[in-house]
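The sequence and the structure are shown first.

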Amino acid sequence: TGNSYFKTRDGHSVTDARDRAAMVRLAIEPEEGFAFSDREICRPGETYTADTLAELAAEQPDTEFYFIVGADSIHNMDTWYAPEVVFRNAVILAANRNHQVPDEELKWDIERLRQNYGARIRSLDFESMDVSSSEIRRLLEAGMPERIPVPAPVLAYIQEHHLYLEEGVEAGE
């Protein structure tokens, strides 16, 4: 994502797009079937998923795209910019980390989006997956970077570039 209008609108602190891109490249490098794209970072202004998916679908009409979101995003996806375009151009994979969204609530939201938009949504459950920027920040500040559940090259990048730390705070201090 380049400039996410959801994050900047809510005043969230967001790691620089170049750093996020570098970490994605490192994370997917050994994985078959993944491809990196910097089109959203290069696009000026705010970034909309609908625009990116429409471009990809036009360029590769025989490819089925999958878009992974946190399960908490499913509830408000119909408020996104052009949700019908998002749902038309990708299968949505809703990652439900540690059942952060109760199963019944998620099922209800998925069914609502299927009925209203023809959305294709699959739920992904991760029992022990807790990799959020908040958790990375907490583990770095506690001096426990080895407990951060990211690939080793990504952790090395985080440490080398002093990411996810309060300004002026080093890991373990």
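## Basis of the description

Helices (H or I, at least four residues) and strands (E, at least two) are DSSP runs, numbered from the N terminus. The model is predicted, so local features need pLDDT of at least 70 and side-chain atom pairs count only at pLDDT 80 or more, whereas totals for chains, interfaces and linings use all residues. Residues are numbered from 1 along each chain as its sequence is written, and side-chain values use heavy atoms, with hydrogens and water left out.

## Leu124 in strand 5

Strand 5 spans residues 121-126 and includes Leu124. The relative accessibility of Leu124 is 28%, so this residue counts as partly exposed; buried means under 20% relative accessible area, exposed over 50%, and partly exposed in between (1.4 Å probe, protein chains only).

Contact means heavy atoms within 4.5 Å. With neighbours within four places in sequence set aside, Leu124 is in contact with Leu93, Ala94, Ala95 and Asn96. Leu124 and Leu93 are 31 residues apart in sequence, while their C-alpha atoms are 6.5 Å apart in space.

## Nonpolar cores

A nonpolar core is a set of buried Ala, Val, Leu, Ile, Met, Phe, Trp, Tyr and Cys residues joined through side-chain atoms within 4.5 Å. The largest one comprises 22 residues, and those with the most contacts inside it are Ile74, Met77, Phe87, Ile92, Leu113 and Ile121. At least two residues of this core come from each of helix 4 (49-59), helix 5 (71-74), helix 6 (83-89), strand 4 (91-97) and helix 7 (103-117). Another core lies apart from it and has 14 residues, including Val150, Val154, Leu163 and Leu165.

Not counting residues up to four places away in sequence, Ile74 touches Val69, Ile92, Ala94, Leu106, Asp109, Ile110, Arg112, Leu113 and Ile121.

## Aromatic pairs

Rings of Phe, Tyr and Trp (its six-membered ring) pair if their centres lie within 6.5 Å; planes under 30 degrees apart count as stacked, over 60 as edge-to-face and the rest as tilted. This rule gives three aromatic pairs. In one of them, the ring centres of Tyr48 and Tyr81 are 4.4 Å apart and the planes stand at 45°, so the pair is tilted. Tyr48 belongs to the loop between strand 2 (46-47) and helix 4, and Tyr81 to the loop between helix 5 and helix 6, so the pair ties together parts 33 residues apart in sequence. Tyr81 is partly exposed, at 41% relative accessible area.

Phe87 and Tyr117 form a tilted pair, with 5.3 Å centre to centre and 45° between the planes. Phe87 lies in helix 6 and Tyr117 in helix 7, so parts 30 residues apart in sequence are tied together. Phe87 is buried, with a relative accessible area of 2%, whereas Tyr117 is partly exposed at 29%.
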